[in-house]
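Here's a quick briefing on how this chain packs together. Have the sequence and the model open as you read.

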Amino acid sequence: MKVLLSGVINLKHTNQIDVLDSILNTLKKLDVELSFIEGEVMCGEASINLGISEKILPIFKSFKEKVEEIKPDVIISAYAAGVAKWARDLPNNYGLKLSVPYIHVSEFFAEQFSKKKPEFAPFPHSYFVQHGCTLGRKLGRFSAIREILKLIPELEVMEEDYPTAEIEGFDPAEFNSCPGSWLNFTQPDLGDYIKENYVLDILVPRKPEYAGSTCANGHFGIRQGLEIAEINSIKPLYFTQLLEKVWK
């Protein structure tokens, strides 16, 4: 299987090399043929949200052309923004469609694990998972990470509560609070305030040993929030880093 990994430059820009390495190592264990787009534009998806879509469309068209040159079987990314843009905004509003699936890394790994049945060692610790805003709230695709975490023996999984979700007929994942990383683009001072508040209001009361988000951008916010709030009792851990620890 030929896999195109998108968003690598974003992980490098936010200094999440450890997260990138864990994704690459997990893919290596699955024995896939891995490819990348050289010079991929960082955070092109955000430009649509910021209202400059017309200026950024050539970048999306270039991405599509490069995908057609590489001819992967699937495109994956740790960033749900790209997944959402190619699933809805670009085909619906601009007529741009990809010829191959573009899915989140959690969805890809969940699908592969269901086929390959890997054996994971026990991890007797508590792990808080934040369902990325776009993946959970906008796309409603939050089951994959739950399927993955269920495979790890002795892992205590924590999630954010939403008291009236069941009454309203929703899943709590659809209402997960955002750690605030997107504000780095427009209001960095407010971003730091939101990230610290997320940690103090959501994570600290639950007292998990580890915390991470399905979205690498959300994970970056959690990591920064823990640093700003000077919380050392909770360690940031992206789910692929967790897989590195337990995959025998």
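Rings of Phe, Tyr and Trp (its six-membered ring) count as a pair if their centres lie within 6.5 Å; planes under 30 degrees apart are stacked, over 60 edge-to-face, and the rest tilted. On that basis, a search of the whole structure turns up 13 aromatic pairs. Keep in mind that this is a predicted model: local features need pLDDT of at least 70, side-chain atom pairs count only at pLDDT 80 or more, and totals for chains, interfaces and linings use all residues. Residues are numbered from 1 along each chain as its sequence is written, and side-chain values use heavy atoms, with hydrogens and water left out.

**Aromatic pairs**
- Phe-120 and Trp-247 sit edge-to-face, 5.8 Å centre to centre with 80° between the planes.
- That pair links distant parts of the chain, 127 residues apart: Phe-120 is in the loop between H6 and S5, Trp-247 in the segment after H13. (Helices, H or I of at least four residues, and strands, E of at least two, are DSSP runs numbered from the N terminus.)
- Phe-123 and Tyr-210 make a tilted pair, at 5.5 Å centre to centre and 50° between the planes.
- Phe-123 lies in the loop between H6 and S5 and Tyr-210 in strand S7 (residues 210-213), so this pair ties together parts 87 residues apart in sequence.
- Both Phe-123 and Tyr-210 are buried.
- One aromatic cluster takes in Phe-108, Phe-109, Phe-113, Phe-120, Tyr-238, Phe-239 and Trp-247.

**Nonpolar cores**
- A nonpolar core here is a set of buried Ala, Val, Leu, Ile, Met, Phe, Trp, Tyr and Cys residues joined through side-chain atoms within 4.5 Å.
- The largest one has 40 residues, and those with the most contacts inside it include Phe-108, Phe-109, Ile-152 and Phe-239.
- H6 gives the largest share of this core, 5 residues.
- Leaving aside neighbours within four places in sequence, Ile-152 is in contact (heavy atoms within 4.5 Å) with Phe-120, Ala-121, Phe-123, Leu-242, Leu-243 and Val-246.
- A second, separate core of 20 residues includes Ile-56, Leu-90, Leu-98 and Leu-135.

**The sheet**
- 4 strands form an open, parallel sheet in the order S2-S1-S3-S4; strands pair if DSSP finds at least two bridges between them.
- S2 (33-35) and S4 (102-104) are the edge strands, each pairing on one side only.
- S3 and S4 pair in the parallel sense over 3 bridges.

Definitions and conventions
Buried means under 20% relative accessible area, exposed over 50%, partly exposed in between (1.4 Å probe, protein chains only).
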